[in-house]
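Colleague: I'd like to go through this one label by label. For each, tell me which cut-off it rests on.

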Amino acid sequence: MKHEDSVLLHTGGSVRRITLNRPRALNALNHAMVLDIAKALDAAEQDASVVAVLLTGAGERGLCAGGDIRSIRDDALAGGRASLDFWRDEYRLNARIARFAKPYVALMDAIVMGGGVGVSAHGSLRVVTERSRLAMPETGIGFVPDVGGTYLLGAAPGELGLHLALTGDAVGAADALLCGLADHFVPSEDLPAMLAALDTCTTSEAVVATVERYAGAAPAGELAGHRDWIDACYAADTVEEIVERLESDGAPAAKQTATTILAKSPTALKVTLAAVRRARRLESLEAALDQEFRVSSAAFTRPDLVEGVRAQIIDKDHNPRWIPAGLAEVTEEDVARHFAPLGDGELGLGPAAATAG
């Protein structure tokens with residue numbers, strides 16, 4: 001394929017490699033890329049000579065930094081709907097990856113955030129390195145974890161997933177493994193050899209065995225040592241109570257976490273808390289994606305998304321003016337509005353009755 005193509009396809013042996021190819025934008029996803037990946041998966045699944053798929057990112061900075069949020073902001077300011085069409089196809093792709101019939105190897109090296117998590121963490125063989133930094137940082141831009149993130153984080157041990165969802169904190173390899181966001185650690189220096197070995201595989205079993213052969217123990221993480229205060233503080237009923245517990249906890253890291261949370265969008269925080277807890281009660285990824293589409297559709301019309309992207313990406317003053325500005329001003333009705341059915345506009349991946357109150 002031509003160099004300027006944003007998704008490159010290459011078949012080494014019997015493994016179809018899909019490379020996200022926007023390195024200057026840290027391989028951020030746009031709508032065309034989502035459609036190209038979906039088309040590539042369809043072709044790979046139907047091709048008997050292809051035994052597995054391998055997802056990689058071009059450049060050295062990471063697999064994928066997420067969706068193209070500049071374009072989403074522009075669309076919101078213009079009163080458009082292109083972002084909703086993008087999310088509809090993106091979330092369908094996330095479900096497609098989770099149900100892919102052949103091994104789906106995701107090389108989650110360096111930065112993997114937001115939409116990058118969506119195209120990797122639903123795969124069957126998820127590889128992290130010592131350079132990996134995984135995050136769902138949506139609350140910092142006035143948005144809510146999506147791409148199946150609420151489902152993944154809701155399934156993490158204890159309250160670790162809720163901690164990551166509210167703070168947007170990035171984690172390394174060991175913590176990604178602990179939270180169930182990855183399966184194997186491979187040192188970055190061994191990646192070229194592993195990729196070369198994958199190119200020689202002719203069966204799905206050989207692909208799995210090859211990844212496992214190069215896998216080892218990850219360097220120590222941080223979250224396991226914080227489980228006591230994380231599980232205790234995030235068990236509170238509301239975001240306000242969570243912050244209060246964090247501020248009054250004796251651990252310095254807990255107090256710093258309270259400060260981190262209070263810098264995020266108050267509306268996004270409350271909706272995220274509800275979304276993760278609701279996702280825990282849903283029976284499938286598809287049902288969670290349906291819920292996330294409702295939430296994203298509502299958040300798209302709210303001022304915090306436009307303001308959050310401005311503060312973090314456009315002006316980079318890191319001083320967003322959230323509306324409303326405080327947690328106490330976000331009502332239960334404000335939160336409930338994000339989960340309202342969309343009628344004919346539903347994503348429709350799960351059963352029609354797949355909702356959780």
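Colleague: Why is Cys-233 called buried?

Modeller: Buried means under 20% relative accessible area, exposed means over 50%, and partly exposed is in between, with a 1.4 Å probe and protein chains only. Cys-233 has a relative accessible area of 2%, so Cys-233 counts as buried. Keep in mind that this is a predicted model, where local features need pLDDT of at least 70, side-chain atom pairs count only at pLDDT 80 or more, and totals for chains, interfaces and linings use all residues. Residues are numbered from 1 along each chain as its sequence is written, and side-chain values use heavy atoms, with hydrogens and water left out.

Colleague: What about Cys-179, buried or exposed?

Modeller: Buried, because its relative accessible area is 3%.

Colleague: How do you know that Cys-233 is in no disulfide?

Modeller: A disulfide is a pair of cysteine sulfur atoms within 2.5 Å. The nearest cysteine sulfur to that of Cys-233 belongs to Cys-179, and it is 16 Å away.

Colleague: What makes Thr-200 exposed?

Modeller: Its relative accessibility is 59%, which is over the 50% line, so Thr-200 gets that label. Thr-200 sits in the loop between α8 (191–198) and α9 (204–214); helices (H or I, at least four residues) and strands (E, at least two) are DSSP runs, numbered from the N terminus. From C-alpha to C-alpha, Thr-200 is 7.4 Å from Ser-14, although the two are 186 residues apart in sequence.

Colleague: What is the phi of Asn-27, and where does that residue lie?

Modeller: Phi is near 60 degrees, a positive value in a residue other than glycine. Asn-27 is in the loop between β2 (15–20) and α1 (31–46). With a relative accessible area of 0%, Asn-27 is buried. Val-147 also has a positive phi, near 45 degrees, and is found in the loop between β8 (133–135) and α5 (149–154). At 1% relative accessible area, Val-147 is buried.

Colleague: Which residues does a cis peptide bond join?

Modeller: Ile-323 and Pro-324, with omega about -5 degrees. Pro-324 lies in the loop between α15 and α16 (332–337).

Colleague: What makes a set of residues a nonpolar core?

Modeller: They must be buried Ala, Val, Leu, Ile, Met, Phe, Trp, Tyr or Cys residues joined through side-chain atoms within 4.5 Å. Here the largest such core has 78 residues, and Leu-20, Leu-41, Trp-87, Tyr-104, Tyr-234 and Leu-246 have the most contacts inside it. The helix α3 gives the most to this core, with seven residues. A second, separate core of 16 residues includes Val-51, Val-186, Leu-191 and Leu-198.

Colleague: Which residues does Leu-41 touch?

Modeller: Taking contact as heavy atoms within 4.5 Å, and not counting residues up to four places away in sequence, Leu-41 touches Ile-18, Val-53, Leu-93, Arg-96, Ile-97, Phe-100 and Tyr-104.

Colleague: How do the residues lining the largest pocket divide?

Modeller: Into 18 nonpolar, 11 polar and nine charged. Ala, Val, Leu, Ile, Met, Phe, Trp, Tyr, Cys and Pro count as nonpolar, Asp, Glu, Lys and Arg as charged, and the others, Gly among them, as polar.
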